[in-house]
Amino acid sequence: MAAEDQPDPDAPAGDADVSAKLFGTWEMGEIEYADPSTERYIQVTPVAHTAGRHASKQFKKSQISIVERFINRLMQTEDNTGKKQQSLNFVRDAFELVHERTEENPVQVLVTAVENAAPREETVRLKYGGISVPKAVDVAPQRRVDQALMMLAEGVYKDSFKTSTSVPEAIANQLVGAANYDVQTYAISQKEEKERVAAAAR
């Protein structure tokens, strides 16, 4: 791809060139959203590495591609800190596995997985005269996406650390499982647990 054809990583995600392809393979123009509350916080762009251009701007993360945000989350462990290229390669390989299993665009699978794993309720602790009382609260859409990405990444880590499962295979397992709302998947089980605790604290 010529330099002038490269997508601009500084451009707003909503204005991304949908004719460009993620990893040169996956189309960006036909992604469907099932949850209107999180749609504005789940951006899809063909840029998977913006080199931290938005890191110093508050809430700018919501304009970064959901794929890059997932890659960044995978790096947030003691063993993988800062290994962006390695994490990017893992996700690229995992997307191939996801496509083989589902015959769908893996970016669509990731978007659906994030929507399914995003908790709608959680609990906070309120203090009344020294007594701590749990209280159920609605989760803001941006925090829902943040928590979904965190739980998906934690599921990948638990699935692949000190096991025979490769990282790309673990990523594919978590994404496909969450997209199908499989309660055996770590992210979905964590979401269900959060919502169950919140329902008891209403």
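Tyr181 is partly exposed, with a relative accessible area of 31%. Here buried means under 20% relative accessible area, exposed over 50%, and partly exposed in between, with a 1.4 Å probe and protein chains only. Tyr181 sits in the loop between H5 and H6. Its phi is positive, about 55 degrees, although Tyr181 is not a glycine.

This is a predicted model, in which local features need pLDDT of at least 70, side-chain atom pairs count only at pLDDT 80 or more, and totals for chains, interfaces and linings use all residues. Residues are numbered from 1 along each chain as its sequence is written, and side-chain values use heavy atoms, with hydrogens and water left out.

**The whole chain**

The protein chain has 6 helices and 2 strands. Helices (H or I, at least four residues) and strands (E, at least two) are DSSP runs, numbered from the N terminus. In order from the N terminus, the elements run α-α-α-β-β-α-α-α.

How does the radius of gyration of the protein chain stand against that of a compact globule? A compact globule of 202 residues would have a value near 17 Å, and the protein chain, with 18 Å, agrees. The radius is taken over C-alpha atoms, and the globule rule is 2.2 Å times the number of residues to the power 0.38. Along its principal axes, the C-alpha trace spans about 65 × 40 × 35 Å.

Of the 202 residues, 43% count as buried. The accessible surface comes to about 11,000 Å², and 46% of it belongs to carbon and sulfur atoms. These areas come from the Shrake-Rupley method with a 1.4 Å probe; for residues, only the protein chains shown count as cover. Contact means heavy atoms within 4.5 Å. Among contacts between residues at least 6 apart in sequence, 63% join residues at least 24 apart.

**Helix H3 and its cover**

H3 covers residues 106-117. It is mostly covered: 11 of its 12 residues are buried. Among them are Pro106, Val109, Leu110 and Val114. What covers these buried residues includes H1, H2 (84-102), H4 (141-160), H5 (167-179) and H6 (186-200).

Val111 is found in H3. Is Val111 buried or exposed? At 0% relative accessibility, Val111 counts as buried. Leaving aside residues up to four places away in sequence, Val111 touches Ile31, Glu32, Tyr33, Ile42, Val44 and Ile66. Val111 and Lys57 are 54 residues apart in sequence, and their C-alpha atoms are 24 Å apart in space.

The N-terminal end of H3 is capped by Asn105. A side-chain oxygen of Asn105 lies 3.0 Å from the backbone nitrogen of Val107. A polar contact is a pair of N or O atoms within 3.5 Å; within protein, one must be able to donate a hydrogen and the other to accept it, and residues adjacent in sequence count only if both atoms are side-chain atoms.

The spans of two helices can be set side by side. The expected span is 1.5 Å times one less than the number of residues.

| Helix | Residues | Span, first to last C-alpha | Expected span |
|---|---|---|---|
| H3 | 12 residues | 16 Å | 16 Å |
| H4 | 20 residues | 29 Å | 28 Å |

**The hairpin**

Strand E1 (residues 121-128) and strand E2 (residues 131-138) pair in the antiparallel sense over 8 bridges. Two strands pair if DSSP finds at least two bridges between them. Glu121 stands opposite Asp138 in E2. Val124 has Lys135 in E2 as its bridge partner. E1 and E2 form a hairpin with 2 residues between them. Gly129 in the turn has a positive phi of about 60 degrees.

**Loops and the N-terminal segment**

Glu103 lies in the loop between H2 and H3. Its phi is near 60 degrees, a positive value in a residue other than glycine. At 67% relative accessibility, Glu103 counts as exposed. H4 is followed by Lys162, whose phi is also positive, near 55 degrees.

Gln43 is placed in the segment before H1 (66-74). Gln43 is buried, with a relative accessible area of 17%. What lies 3.1 Å from a polar atom of the side chain of Gln43? The backbone oxygen of Arg40 does.
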